[in-house]
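This report describes selected strands and helices, together with the contacts between them.

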Amino acid sequence: MSFQRLDRNTARIEMGKLVDAYRSQAAQVEKANSRYTETEARGEFIDRFLTILGWDIHNADGRSQSQRDVVLEHSRHADDSVIGRPDYRLRIGGRDRLPIEAKKPAVNLSRSASAAYQARIYGWSLSLPAAVLTNFSETVIFDTKVTPDLQDGPDVAVFPGCRFTFEDYVPKFDDLWKRMSYEVVSSERFAEVYNHVRPARGDSPFDKTFLAEFRRWRNLLSSGIAQENPHLGAGEVGRRTQRLLNALLFLRVCEDRDIGRYEELLQAANMHHVVEAFRNADRVYNAGLFTVLDDPTVVKPQILQQVIQEMYWPKTKFAFGVFQPEILAELYEQYLAERIEVLEDRTTRLVAKPELVHAGGVVPTPEWIVNLLIEGSIDQFIKNSIPDDLSIIDPACGSGVFLVAVLNRLIEAREYDGTILTLDERAKLALRHVFGMDVDAEAVEVARLSLLLTVLGSDQIDTSREIAAMPDLRENVQVGNSLVREDFDVIHPVAARDPHRRSAVLPTDQQKNFSRVFAQGGFSVVLGNPPYVRIQTLSEFMPDQLFYFQDARSGLKSAQAYNFDIYLLFVERAFDLLGENGSIAFILPNRITNLIAAAPVRSMLGPRLRRMVHFGENQIFPGRSTYTALVFAGDPSAEDASLEIVRDVDTWRAGAPGDQGVLKRNELISAPWPVATAAQSEIFQLLEKNRIAKIGDPSWVNVFVGTQTSADEIFYIKTDNTPDANGLVHFTDYSGEKWKIEPGILRPATKKQIINPYDLDPEPDQYGIFPYTVTLPSSGKKRGNAVVHTRDIMENRFPHALEYLTSHKKRLTTERNVTPDPGEKFWSYGRSQSLTKLDGPKIIVRTLSLTPCYALDENNLLIPGGGDGGPYYLMRPAEDCPYPAEVIIAVMSHPAVDAYVAGNGKAYRGSYIVHRGNFLKSAPVPPLTLDEIELLRVSVREMLHITKSLRTETDSLILRSQTSRKLVLRSQVESIISKAFGLTQRHLDTLT
């Protein structure tokens, strides 16, 4: 029979009956010497109290263990000094919401500081906003955002009005209902009631304390290991320290979960018998955790004693019994952002890993993203049962966030009918189905620990009898490089012969390491959040890996591009791991749809892509600007792939659908994928159907970059504009040093100037040092040459410019890649192919803009540009182009055309669209009559002059009138182009 929740009024009546039943025996059970136990109080009153408030205490609904409403704890400890686990954990969707600690009625909660501290520790350790302490005679609700302190009295951190006696339960029933009922706790009102916004992992008071404490223990143990084991290098010291910490943490969790005897580890430490305790634990658990002190790793007993003592109440604030594996894995991701460095005196310190500092630190994958990837990849395999040959791998598993979630999902699938799996059954699930690899050995140790705690669950183990109770997961979760194979030795023999360099790369034969899985044909699912590491970071911190990647023999096609990211390589290798009918589920930067370097990956994913959830400019990772998409791939299919574009993440997560669309299978090739909604697809089809050309076709428009100096901070300067007596102008360079320079080598430039829609002659905001002579075109050629000044010219005509540039010679010669090789002319730009195109009328395109921003420049401005960051691209109609520049601006500024460019490009935060060269070239050209061309030319020319005049206009009426006039003209212009493409107002409305 399913659980029937009471409505509020009925619940109030039932609460009155329960209070009456308690009142009749209150005096007896509350006596200090009463033999009425906590267990009796729970069974007779507290269970019923929570049931009235809507909680399915005894799981009448038959939910799986991971999804039940209430987790009950039956502790053997009567001593309040033992911080084990709360008696009740109220949960929603498998996640803790409200811990409740129960006491017998004889415990006076108004005076018991230890009981209050215990309840608060539970809520604080779970990073929850509140915790409840009750003996039914009284119920107290604490604010657990306040960090507990042993010196706190029983009234510290009590929410105002939240100390209830049993006589308050009926008259203050609405307050109780608001704070503790299933109806409220399961809804969004829970966060409102407790003024709680779930902090990002690492930001809660508990998380910060955990990281600080474990960081300190890590330093103590690593110094002890380094000093007593002088033959060990820093890397090995770090790995053994992590294994030792994991072993201690596992034993503390077991003790607080009533596995073994409480304080057994502490007593061993005080007697300096930790080695013997580890050997006994290895016999009981066989988890591969407890051999670290037998390696041998020598550690002074006093250091072990100090750390272990600090893991027990009252020195610790941690309730180890409530540590959840998934939370530990997420926290450890932050903790492992540092490595151990051994100093000359063999003490140690923790230093940030430089490659992570360069990348902005560790960013954990949000839990909801992990769950979405698992749902989209694994659930299809386990609808009815879990196949014996199901195998799932995260090839960059880190501390095991995805692996723990996978194992939890498998356990839940087996327990869907209310069955409770034994520890042995959970162990078999982990050994048979869950796999991971990471190049960070310490992270792998943590991943194994997190999985072991998941396997442990809430089971009780008789440590006096059990032998090999836990699985050894060392074959499942391995240290290795998922990208670099053992052919590294052939491809990069110099590095391979150096033990330190080779071990830093860690070449790995995955087929050999996971031979059992590959004997079955390969992995069923490859999933995760692969690292995002740009080629620049690889070059600085992982040069040997970069060398391997870029060698064609590695087989990594994406790495052959000029600019790539390591996540592309993980997608390529994922296909090598997959068995027949396998699936891939990754969260990836959404630029995979259009990045040039991603072409090989698109060609691999294209035939197998099933679904993409595109987050546009929404930010998924806290504190990072990373534009992402969920990518799901399966068997090759002829059917179109589904596309969902999320406009607002919060409403989408609450159940509102995103914009639905499809990715046509025949368009899922190596070329950029047209990411668009169904409504946009209809518009784009009309644009394609009715176009007469593409903007970038040879006889239409030349799209080109501006200056590419590779050192803009040196070549672009701001001067005082007024020449001195010697005809020189003065400026201060980017480092703050003052200089003077000849005006003849300078050209007015627009570098950071805002470009408005339909703009004309943007105001120069800087000057560019232009050490070139542009020659006239020779016979038969359309353009001349840009010749860099010789040393003679620089010395005789521009000596001050030469002096300034010479002061930056090191930067200009060693930190740039200049093509072609300039020889002694170190003042050359990094690239010079566009310098002959800068003179004459040209269209300036703002690369990143909220709306299409095109300006006509008729003043020969120097314009920097190129790449996603721009800041500008340039366009010029070909000599035989049928449309003048004004009409080209009108076409490119049309909202449908700009949406087309955005669909091929990508969006940045704030809906900034990338107007990059390749995307601009793909824009469609509508058919226009001669009359329409002339009308557009005249209308656009007027808009250009209006925009320019508005920059200096001060008369408010004229400003208002001209602004209105520009809107009228723009509407007319867009109407002409819409008609030419066959677009209606209905189409345009979908773009706003």
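## Strand β16 and its neighbours

Strand β14 (residues 609–619) pairs with β16 in the parallel sense, over 4 bridges. Pairing here requires that DSSP finds at least two bridges between two strands; strands (E, at least two residues) and helices (H or I, at least four) are DSSP runs numbered from the N terminus. Within this pair, R611 stands opposite S642 of β16.

Strand β17 (residues 659–663) runs antiparallel to β16 and is joined to it by 5 bridges. S642 stands opposite V662 in β17. Of the 5 residues of β16 (residues 641–645), 4 are buried, so the strand is largely enclosed by the rest of the structure. Buried means under 20% relative accessible area, exposed over 50%, and partly exposed in between (1.4 Å probe, protein chains only).

## Basis of the model

This is a predicted model, in which local features need pLDDT of at least 70 and side-chain atom pairs count only at pLDDT 80 or more, while totals for chains, interfaces and linings use all residues. Residues are numbered from 1 along each chain as its sequence is written, and side-chain values use heavy atoms, with hydrogens and water left out.

## The five-stranded sheet

An open sheet of 5 strands has the order β19-β31-β28-β30-β24, with mixed pairing. Its edge strands, β19 (701–704) and β24 (759–760), each pair on one side only.

Strand β30 (residues 854–857) runs parallel to β24, with 2 bridges between them. D759 stands opposite A855 of β30, and L760 has L856 as its bridge partner. With β28, β30 pairs in the antiparallel sense over 4 bridges; there I844 stands opposite A855. Y854 and L856 point one way from β30, A855 and D857 point the other way, and all are buried.

Helix α34 (residues 885–893) lies across β19, β28 (842–846), β30 and β31 (872–877), at about 165° to β30. Axes are lines fitted to C-alpha atoms, for helices over the stretch in contact, and angles run from 0 to 180 degrees between N-to-C directions.

## Helices α1 and α5

The axes of α1 (residues 8–23) and α5 (residues 173–180) come within 11 Å and cross at roughly 115°. That makes α1 roughly perpendicular to α5 (65 to 115 degrees; under 35 is roughly parallel, over 145 roughly antiparallel, and the rest oblique).

R8, A11, R12 and M15 of α1 meet F173, D174 and W177 of α5, where contact means heavy atoms within 4.5 Å.
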